[in-house]
Amino acid sequence: ASQHRGSVIHLTSWNNIFMHGKPITMQDVAKAAGVSTSTVSRVLDERLPPSNSPAAQRVKKTAEELGYKRDILASSLRRGGTGTIGVLVPRLSDTVMALIYEAISKVAQERHYFAIVATSGDDPESERQAVELLLNRRVDGLILATSRLDDQLPSQLRDRGVPHSLVLRTDGKSPSALGDDIQGGYLATRHLIDLGHRDIGLVAGPSFTSSARDRQKGFRKAMSESGIAVREPWIIESGYGIEAGEEAGLALLSQNEKPTAIFAVNDNLAIGVMAAAHRLGIEVGKTLSLVGYNDIPLASRLPVPLTSVYIPFDYIAQQAVDLLLSDKHSGSPINRVAMPSLIPRSSSVLHI
């Protein structure tokens with residue numbers, strides 16, 4: 001039998017018993033440490049505040065020496081869950097969505113959850129089907145990067161009592177983790193104005209997303225504060241992909257009177273604008289200044305490094321998971337907002 005004198009534990013006999021291929025159970029740890037199974041469960045549950053009492057220290061040392069591994073799935077099933085989180089994104093070919101999913105997956109793993117992803121193509125019907133598929137797989141909750149301003153899905157999830165949070169976009173009602181997109185749009189536009197630009201175009205993204213809407217609000221705020229009239233024909237609504245950016249760039253830069261600077265509300269759109277400028281013989285960083293948004297890893301590695309607005313994806317992912325797993329908001333709308341920052345590079349230059 002085991003003996004413990006103060007914090008000294010003798011496990012030789014227990015090791016002899018447990019070295020025969022059988023997995024070590026919580027009951028084995030409890031017996032070896034001289035405590036109840038419920039005590040072992042509390043001490044080893046990393047979701048609870050850590051304890052440094054003599055008994056807790058004894059349990060931790062016993063579990064380590066016996067090689068006990070906590071069964072996350074079994075623990076989840078005991079509390080009525082599966083230890084999985086469903087994450088819904090428009091598409092994984094979008095670098096921003098791939099990055100936020102990876103960040104969510106990492107945070108979920110740290111909290112002993114497994115994140116599984118589904119895509120919707122930014123189509124409301126596909127989104128609803130994907131959500132039902134995830135719920136049928138008994139996920140413990142959902143994180144949606146697909147919220148549309150005209151979408152009823154978050155409202156339906158609230159009515160059904162489905163735990164969920166929104167990420168990067170918001171409907172203004174469900175718990176949401178995102179960047180301050182109004183401030184980010186303001187920073188991007190203010191940067192171009194400070195460089196001397198007055199003829200500024202906007203590749204605005206899709207109007208059904210809060211992110212595009214708010215970045216345009218920031219653009220208009222900076223222009224208004226500076227007394228610069230917004231030229232409505234120079235605001236081009238678009239999708240979020242590179243092809244959409246190229247199409248919008250061609251529309252802006254093929255005009256007889258064209259902008260000297262463009263703010264594209266994500267980096268993919270900005271890369272598309274670069275492609276359009278190249279096709280038209282316009283040099284980005286010389287005759288055209290360009291600012292993107294999100295500061296994806298590619299932005300600094302382009303032939304003309306792209307000025308971009310940085311958003312802390314790791315922090316936003318952490319907040320999205322915390323909002324999902326927390327019951328403190330009790331259905332009340334909560335936004336966790338991260339502050340953006342501008343990263344100037346060679347694509348934006350002084351206009352003389």
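Visitor: What makes the span of helix H9 agree with 1.5 Å a residue?
Guide: H9 has 14 residues, 181-194, and should span 20 Å; its end C-alpha atoms are 20 Å apart, which agrees. The expected span is 1.5 Å times one less than the number of residues. Helices are DSSP runs (H or I, at least four residues), numbered from the N terminus. This is a predicted model: local features need pLDDT of at least 70, side-chain atom pairs count only at pLDDT 80 or more, and totals for chains, interfaces and linings use all residues. Residues are numbered from 1 along each chain, and side-chain values use heavy atoms, without hydrogens and water.

Visitor: Which residues of H9 are called buried?
Guide: Buried means under 20% relative accessible area (1.4 Å probe, protein chains only). Among those of H9 that pass are Asp181, Tyr186, His191 and Ile193. After H9 comes Gly196, with a positive phi near 100°.

Visitor: What makes a set of residues a nonpolar core?
Guide: Its members are buried Ala, Val, Leu, Ile, Met, Phe, Trp, Tyr and Cys residues, joined through side-chain atoms within 4.5 Å. The largest such core here has 70 residues; Ile100, Val167 and Phe263 touch the most other members. H6 gives the largest share, eight residues.

Visitor: Which residues is Val167 in contact with, leaving aside its neighbours within four places in sequence?
Guide: Contact means heavy atoms within 4.5 Å. By that test, the partners of Val167 include Ile100, Ile143, Ala177 and Ile316.

Notes
Buried < 20%, exposed > 50% of the residue type's maximum accessible area, 1.4 Å probe, protein only. Helix = DSSP H or I, 4+ residues; strand = E, 2+ residues; numbered from the N terminus.
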